[in-house]
Amino acid sequence: MKLSIAAATVFLGLVSVAQADEYGDVLRAMDACAGMTDGAQRLACYDKVSPQVKATLARMPRTAPPTADEQKSWFGFDFADLFGSTPNQQTTPDKFGGENLPAPPPKPGEAPPPEPIDSITAKVTDYAFTPFGKFIVFLDSGQVWRQVEGDTDKASFTKDATVTISRGFIGSYTLQIGDSAKTFKVKRVK
């Protein structure tokens, strides 16, 4: 009983904190609920916090489509299964199979989303080789790419070399050093 009174006091204290850090307050209140060991009390706690969570989510600012720079920083990452969202939030029958349909036109007053990019060009700030001879390159954009195990070609790098990474077949990526025609299969690791 003392534990439930203490938990309720903590919960009420967290819920009534000033609006200065609304998002933090909601998260702390949810965390207080999660820490309760009694299932019924935990559920009651979540039920009490639920309206506050919904209100906070409703007040969150809407985000604009990603900029070209943001897309470049994400280039190479597979977000397809992030948070169980594959493919393209097919949560209703009318959306099923629609991942290849064109995107709907922007609403009046909205800027059209930026065009997807198919390649990036960057400078090599550092490079390394694995014990199996596969390269890892560190780019000035902060990205890190490594040669895939199935690629048997050997590469030669210098710092400040320019590389171009392009989309390949079936979700793969290729790296080209400078003006060389030779390409290497790579995967983004950071």
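Trainee: What makes β3 and β6 a pair in this predicted model?

Mentor: Three bridges join β3 to β6, and the two strands run antiparallel. Pairing requires at least two bridges, so β3 and β6 qualify. Within this pair, Arg146 stands opposite Lys187 of β6.

Trainee: How do you know that β5 also pairs with β6?

Mentor: Strand β5 (residues 173–177) is joined to β6 by four bridges, again in antiparallel fashion. Since at least two are needed, β5 and β6 count as paired. Tyr173 has Val186 as its bridge partner in β6. In the hairpin of these strands, with five residues between them, Gly178 takes a positive phi near 55°.

Trainee: Why is Gln147 called buried?

Mentor: Gln147 has a relative accessibility of 1%. Beyond its neighbours within four places in sequence, Gln147 is in contact with residues including Phe135, Phe184 and Val186. Phe184 and Val186 belong to the covered face of strand β6 (residues 183–188).

Trainee: What makes the approach of Gln147 to Asp151 a polar contact?

Mentor: The side chains of Gln147 and Asp151 are joined at 3.4 Å. The limit for such a pair of N or O atoms is 3.5 Å, so the distance falls within it. A polar atom of the Gln147 side chain also lies 2.8 Å from the backbone oxygen of Asp153.

Trainee: Why is the pairing of Arg28 and Asp25 called a salt bridge?

Mentor: Their side chains meet at 2.7 Å, N to O. The cut-off is 4 Å, so the pair qualifies. Both residues lie in helix α2 (residues 22–34), three residues apart, about one turn of the helix. Asp25 is buried at 4% relative accessible area, whereas Arg28 is partly exposed at 37%.

Trainee: How many salt bridges does a search of the whole structure find?

Mentor: The search finds two. Arg167 forms a salt bridge with Asp118, the closest N and O atoms being 3.5 Å apart. This pair links distant parts of the chain, with Arg167 in strand β4 and Asp118 in the loop between α4 (68–74) and β1, 49 residues apart.

Trainee: Why is Arg167 called partly exposed?

Mentor: Its relative accessible area is 42%. Buried means under 20% and exposed over 50%, so Arg167 falls in between.

Definitions and conventions:
Residues are numbered from 1 along each chain as its sequence is written. This is a predicted model: local features need pLDDT of at least 70, side-chain atom pairs count only at pLDDT 80 or more; totals for chains, interfaces and linings use all residues. Side-chain values use heavy atoms; hydrogens and water are left out. Buried means under 20% relative accessible area, exposed over 50%, partly exposed in between (1.4 Å probe, protein chains only). A polar contact is a pair of N or O atoms within 3.5 Å; within protein, one must be able to donate a hydrogen and the other to accept it, and residues adjacent in sequence count only if both atoms are side-chain atoms. Contact means heavy atoms within 4.5 Å.
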